[in-house]
Amino acid sequence: MQLKQNAIKNNKADKLKNPKQDKKETASAGKAEDKSRPNLIAGMELEEFLAEDSKYRLKIEKTIEELGSSFSLLLTASPSELGKAKTAVIKRFAKEKGLILYITFNQSASKLLNELSAKGIDSKKIFVIDIVSKDKGYEIASSDYFSDFDSPSQLTDLLLTLEEKMSAKDKPSLLFDSISTFLVYNDKESAQKFLHSLIAKVHKADSRVVLLASNDSASKDALSTISQFCDRFYQLD
């Protein structure tokens, strides 16, 4: 009994003599844990977490994770922030199998691919469907991952092209950029019918689509209707 009491006293004495020991051990354990968890949040590395679009990445990662493998998402942001939201979506989709089908009504495929390459995004992961270059006389991209149309109003042909691409074994992810510009080239009724058909085909193909839009007042009524077709309507702050 005396030996046991002495051992307890000695143990307490050691702790009093080395008050920093427990802190060092705790810190070491914390470092070991950090090494075993290289990804900080939702698959984001430190450099990604600190990037200027990180606040959007966090929200988009969470939203896409909740929606699952097949979904339609209407994603809106202010005109000044829409580019960051677009980049965040592409980076999220680029981590997975299958191509990203990027339908652009906003800028030429050539400009878009250069922009994405400058941001470290592998252009071979992206198949661009360029709706505006021929109509506007923009430079035509020289890429195997590219298709163009004569007019932004060729909606039937566009729908057939997307349906063919969605039949691939590795289901592609679709990014539609953007509804706001799409409505400039097409009347509200035709645009809504097209998007309703597109979303139906996306679900049938067990694929997914993110519809980007500027949350300006000009698109407000159309977005209210289009949001009813989608699984989720998310407004970025």
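Colleague: In what order do the strands of the open sheet stand?
Modeller: In this predicted model, the open sheet has 7 strands, with parallel pairing. The order is β4-β3-β2-β5-β6-β1-β7.

Colleague: Over how many bridges does β5 pair with β2, and how many join β5 to β6?
Modeller: Strand β2 (residues 100-104) pairs with β5 in the parallel sense over 5 bridges, and Thr 104 stands opposite Asp 177 in β5. On the pairing with β6 (residues 208-214), the strands also run parallel. There, Ser 173 stands opposite Arg 208 and Leu 175 stands opposite Val 210. The counts are 5 bridges with β2 and 4 bridges with β6.

Colleague: Which residues of β5 point one way, and which the other way?
Modeller: In a regular strand the side chains alternate between the two faces of the sheet. Strand β5 (residues 173-177) is mostly covered, as 5 of its 5 residues are buried. Ser 173, Leu 175 and Asp 177 point one way, and the other way point Leu 174 and Phe 176.

Colleague: How many residues of β6 are buried, and which lie on each side?
Modeller: Both faces of β6 are covered. On one side lie Arg 208, Val 210, Leu 212 and Ser 214, and on the other Val 209, Leu 211 and Ala 213. The number of buried residues in β6 is 7 of 7.

Colleague: Which residue of β6 does Leu 74 stand opposite?
Modeller: Strand β1 (residues 71-77) and β6 pair in the parallel sense over 7 bridges. In β6, the residue opposite Leu 74 is Leu 211.

Colleague: Is Ser 227 buried or exposed, and what is its relative accessibility?
Modeller: Ser 227 is found in the loop between α11 (220-226) and β7 (232-235). Leaving aside its neighbours within four places in sequence, Ser 227 is in contact with Leu 74 and Phe 233. Buried means under 20% relative accessible area. Ser 227 therefore counts as buried, at a relative accessibility of 16%.

Colleague: Which residue stands opposite Leu 101 in β3?
Modeller: Strands β2 and β3 (residues 126-130) pair in the parallel sense over 5 bridges. The residue of β3 opposite Leu 101 is Phe 127.

Colleague: Why are α4 and α5 described as oblique to each other?
Modeller: Helix α4 (residues 54-67) and helix α5 (residues 82-93) pack with their axes 9 Å apart. Angles under 35 degrees count as roughly parallel and 65 to 115 as roughly perpendicular. The angle between α4 and α5 is about 50 degrees, and the two helices are therefore oblique.

Colleague: Which two residues does a cis peptide bond join, and what is omega?
Modeller: The bond joins Asp 177 and Ser 178. Ser 178 lies in the loop between β5 and α9 (179-185). The value of omega is about -5 degrees.

Colleague: What is the phi of Asp 206, and what is its relative accessible area?
Modeller: Asp 206 lies in the loop between α10 (188-204) and β6. Its phi is positive, about 55 degrees, although Asp 206 is not a glycine. Asp 206 is partly exposed, and its relative accessible area is 42%.

Key: Residues are numbered from 1 along each chain as its sequence is written. This is a predicted model: local features need pLDDT of at least 70, side-chain atom pairs count only at pLDDT 80 or more; totals for chains, interfaces and linings use all residues. Side-chain values use heavy atoms; hydrogens and water are left out. Buried means under 20% relative accessible area, exposed over 50%, partly exposed in between (1.4 Å probe, protein chains only). Contact means heavy atoms within 4.5 Å. Two strands pair if DSSP finds at least two bridges between them. Axes are lines fitted to C-alpha atoms, for helices over the stretch in contact, and angles run from 0 to 180 degrees between N-to-C directions. Angles under 35 degrees count as roughly parallel, over 145 as roughly antiparallel, 65 to 115 as roughly perpendicular and the rest as oblique.
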